[in-house]
Structures are given as C-alpha cells and as structure tokens.
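Good morning, and thank you for coming.

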Amino acid sequence: MIIKKEDLFNFFATLTETHANPPQEIIIPAHSQWRTDDQRNFKIFKPTGADDNFTLDGYRPIFPLKNLFYITREALSTKTYEGPERIIAGVKACDLKALQLLDKALINEDFVDPSYKFWRQKTILIASDCTEVGNTCHCILVDGKPYAEQGYDINLSPLQDDTYLVHIGSDKGQALVDHFRKSYEVRDNSDETQNQVDQNRQQIIEQLQEQNRQYDRTKTYDTLKAARMDVWKQSSAECIGCGACTNICPTCYCLILNDESTDAAMFKKVRSLDSCQLHGYARVAGGASPRPKMEDRFRHRYLCKFLYMQSNFDMLGCTGCGRCSDACAAEIEFREATQKALFNENKPIESN
Amino acid sequence: MQNMYEVIPATIYETVKESPLIKTLRLQPEKPVPFKTGQFIELTLPGIGEAPFTPSSSHFIADNMDVTIMKTGYVTEHIHGAKAGDTVGLRGPFGSHYPLHQFEGKDLLILGGGCGLAPLRSLFLTLLDESDKYNSITFLAGAKTPKDCIYKDEATQWRKHDNVQFIRSVDEIPPGQEWDEDVCLVTKLLDKVDIEPTDNPAIVCGPPVMMKFGTLDLLKCGYKEHNIYLSMEKKMYCGCGECRHCVMGPYFACKDGPVFTYDQIKNEEAIWD
C-alpha cells in the first residue's frame, strides 16, 4: 500500500478529532536550530502541534528513542500507570533495535520496570527507512541495517513523489492504517515500488559501507578482553569521564535509585540515569572500587556493549547509531577505539 | 509479580552495639519478609538513602529480622544514629541463597571475618535449627582485636551443640584489651581443622582481602572450586539486575549472587576489589 506524505501529516493533525480514542501525543523528529559539523540540522523528537519543521526522513534524531520510554529522572510509583496511547513516528532501525534490548532488560521474569512497561504498551511505533547517513552512523558494522525489519507497528519506506510504501507490523498498526483509509486514498503497491525501495535501501547501505570502510569487524569481540591495558589507556587519554556517551546511548539503562522520602510513612524512590563512566559508579561503602582508573571504566563500557550485554541478552549492546561519538567532548571515536582494541591487542603502542 | 520498588516499613525494636563500628538492628516489619539465608535486602533510611545488607538472623524466623551493619559510609553512619522506635524501609529479599540441601550430611566449614560474620550468623543459626541434618559444623570467626569481635555473648550458646565447633581468633591484642582465645589471622585457624576437603563445602565471607586469601588457602587444603561458596559484595543498588552497578562480567552480584561458588566467578575481573 502506498500513501501520500501530505495525507499522513494531515491525518496526524486531525487525529484528535477523527479518532474515538485519540492518542495523547504524536511525537515526530523535528529539525532544530542547531547544526552538526557538516552543517546539517540536528533532529529532536518533539510532540506535534507547534510550528516545527517535522520530518520522517533523514537519519536518526540526536537524542535516543530510549528517553521517551525510560524517563531520565522519574519518581517510581507502586500504583499502576494509566493513560491513553501515543504515537511516535520517524523511528529509525538503530533505535528500534535498542528497544528490543531494553525490553529484555526491563521487562523480564526477574524484574519489570513499571513505567517502562507502561510506555511500551501504550506506544504505537511508526518506523521509517533512513534516507541519509550521519557522520557517525555505523549500523552495518554491528549486524544492523538502515531500515527496520521488525519491532515496528508500521514501517514507511519513502518513494518518489512524496509518497511512502507502508508495511504493517502489528494489529495496532493495522488498526491505525484502517482508520487512515476511512478518510484518505491509498494506492496498491507493485513489484516496481518494492524494487525502488530495495534500490533506495541498497544505496544507503553502500554509503554506510563507504563511510565505514576503514573499520574491520571480521574478528569476534572476544579478543576485546585480551587487549592490552595500554591500548585502552591511549584511547581514553582524553576522556574526561563525563558520562555523555552512556547517557545518549540508546541501550544504556544503568540507573541510580535515590531515596527522596520526606515522610517515613511514604517512601519515595526516584530513579535517574547513571553512568559507568563516573568515578563513584561501582564504588562500595568503605571506598573500594573494581574500576578505580578512567581507562578501567572506559574499557568496561566497551566490554559491556560487546560482551556482557551479548551474554545477558543475546544481542550486542551497540546498535551503531554513533551518538556516543557525536556527544563526546573529547571527540573520542567509538569505532576507532573498538578497532584499536580488536586489532592492536598484542602490538606495543607507539609513543607520540 | 512483586513490585521491586515496593518498600515495606519496619520498626526498629532494639539496637545492639556489637563493636565500636558494628551495630545490630532488630526489626519488626509491617508484614513478614521471608528470605532464604544468604539473600539480601535493601534497607532504606527515609530521606537518606538505601544500602544492601544480608540479614543476620535465621531464615526460619520470618516476622522479624536482625541486620548487622558496619559504619563505613554515608547511609550506614545515619543508620547507626537510628534508635529503637524509628522506622526504616525494607525491599527484597533479592539474590541467591546458600543451597542448604547440598550441605545435608556434610561436614561444613564456615570461614568469616569482621562484618562478614553477619550473613554467616544467619547461615549458622539456620543450620543450628536443623543441626541433625548436617554431619558437623565448624565455624571459624576472625576479628581485628577483641574489641572488634562481634556476637561475643552468643558463643557460649553456640558451643553447646554436639556437632558444632566454634573457633575464633583476633589478629592482635592491643594494650588494655583481654582475650583468652586464639591470636592469629582467621585463615590460620584452618590448621586446627580436621575435615576431609574432597566433597565438603566451605562458606567464606569477610573483607575482600580475607575472602581472597581464605579462598586460596582452602584451595591449598584441597577444597574443590565448586564447593567454595563466596558471598560477594558489590554495589547492589536496585537489587534485581536492572541498574548494572554490580555487574561482574556476565553476572550480576545482586541477581546471580551474592552467593557464588568460586568456580563460577574465578575468571571474572576484579572480584576481590
């Protein structure tokens, strides 16, 4: 099925009037005033309604989708969460994959994070294929693709003439599309349209390959553990340990639990994002820490992404979005540091 | 499923000063908090914070709970200031426990030092409640000085059991303190023990350096890696494998531990730090 972009945005704009149970919010990436190094505008997920320049195309927004499900700082309640559904559109494959990991971490047989679960159940996810490549994008290095294959309710693949090819991924997605069809015309797709989508996707993959051709990921990640400490020390030399990389990572979910009770009868727990890059992260009472040095903590993050999360969740903790490299104040390139640790583990480091 | 963030209020009905730095709180929770010995709870002081502790009472007692706490940081300093009648909060229990069924019919060796005796007291009292299930129980307990020795007055009672041996030592006797039992590192007490190590379990808890050398000495004695049970202390924040602070490679100290066998974790990094 093929729909017009204009119809889709009109549909979003009028959904509150036309839908019996309208969504509480529709969130779409919007261009911000800030620019990347190559003068492209950052995109940020924003609720529709204002006069923002919304778009479903391009590459991933600057902030991860995780922030909309796993709130950065939140008082935890033991009551049940309630509220109407919401729609998030323009979601990219790297963020969707990260949600799969978070699902395993935050909704499992040992533990359920009540607010994360609530937002997961109450959100309709509309994915869209990447039509551009960000400077740090590298999903193809970590078994990813610049388009979603699962985990969405609806997927949109842009075609010529401002139209989208629609794929439905769930009953929720089907219901929304059925509602769309009550007011808007759709066209049937043909082999030709699918060919066009395949060609567009292939083109983006080639751009990604070109951009990442100096990085070799033919080795297994097990060798990361064997990498000499001075490799990590060199890579982390400029690291200031601010934790920006983990806070902006779509799969990092480490939390800190604070007690903010003011009254003993009403215990109030507040959870906020924590970062394994911060000095006090693993320190125990009495002052001992398993990772006292910056290079220990720096290395821990790479091992967590490629080995520990793989072991915990049967998937890599890196989805290749490249946000950590974008966010780094010291401009440490995640791909570069991974590459060095994978391949230089036994070579002595040349001093500069 | 239990909501992991649910806090059960508990009233302190007694506090016992065990040593200059260690106190035992006796708690009466609003509703029972049944646990298995070795598991831990998160204890909250309202408005101050939360920290993990292993109960030090028998797991056969469910409606109240002893928690032995060393003053070593911000939260524990405030906990030491708490008085009988104050309210604290409990979450849990969390984590793995000592596999008591595997200990049945065996000669048990328990090795502990300092505040590491807290979880071991829970284990020991739980074992004593069914002491005929075990062939023998040997408890080696260490402290820095006689003043630091905790559960002092309970030893006489413990030594009354037929198949129980309770030996304790201090590292040194500073001037002005008295002690008529052993003076040596607790690991040295192993020389006094006559247990066939092949199939028997050894349970270790104490300060990291004691755990490390205790484990190495046990291995030297002939204990098997899978028979050495360690109670690991890491920063357990949430208690349920969410917050990742306590990860040891692929393991979570809070969820897969705190009780590990040595062969499970021997290849992980910085286990003794």
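This is a predicted model: local features need pLDDT of at least 70, side-chain atom pairs count only at pLDDT 80 or more; totals for chains, interfaces and linings use all residues.

**Helices, interface and local geometry**

In chain A, helix 1 (residues 5-18) packs against helix 4 (residues 171-183) at an angle of about 95°, and their axes are 11 Å apart. Axes here are lines fitted to C-alpha atoms, for helices over the stretch in contact, and angles run from 0 to 180 degrees between N-to-C directions. Helix 1 of chain A is therefore roughly perpendicular to helix 4 of chain A; angles under 35 degrees count as roughly parallel, over 145 as roughly antiparallel, 65 to 115 as roughly perpendicular and the rest as oblique. Helices (H or I, at least four residues) and strands (E, at least two) are DSSP runs, numbered from the N terminus.

Residues are numbered from 1 along each chain as its sequence is written, chains are lettered from A and ligands numbered from 1 in the order in which they are written, and side-chain values use heavy atoms, with hydrogens and water left out.

Which residues of helix 1 of chain A meet helix 4 of chain A? They are Asp7(A), Leu8(A), Phe11(A), Leu15(A) and Thr18(A), and they meet Leu176(A), His179(A) and Phe180(A), where contact means heavy atoms within 4.5 Å.

A second pair in chain A is helix 8 (residues 294-313) with helix 10 (residues 334-343), at about 85° and with axes 12 Å apart. These two helices of chain A are therefore roughly perpendicular to each other. Helix 8 of chain A contributes Phe298(A), Arg301(A), Tyr302(A), Lys305(A) and Phe306(A), and helix 10 of chain A contributes Phe334(A), Ala337(A) and Thr338(A).

I turn now to the interface. Chain B gives 39 residues to the contact and chain A gives 45. Together they bury about 3300 Å², 60% of it on carbon and sulfur atoms; buried area is the accessible area (1.4 Å probe) that two parts lose on being put together, summed over both. Tyr5(B), Glu242(B) and Arg244(B) supply 23% of the area that chain B buries against chain A, more than any other three residues.

The interface of chain B and chain A has 3 salt bridges, each a side-chain nitrogen of Lys or Arg within 4 Å of a carboxyl oxygen of Asp or Glu. Arg299(A) and Glu269(B) meet in a salt bridge at 2.8 Å, N to O.

Within chain A, Glu260(A) forms a salt bridge with Arg73(A), the closest N and O atoms being 3.0 Å apart. Glu260(A) lies in the loop between strand 9 (255-259) and strand 10 (269-273) of chain A and Arg73(A) in strand 4 (residues 73-76) of chain A, so the pair ties together parts 187 residues apart in sequence.

Finally, some backbone details. The peptide bond from Gly92(B) to Pro93(B) is cis, with omega near 5°, and Pro93(B) is in strand 6 of chain B. Asp143(A), although not a glycine, has a positive phi of about 60°.
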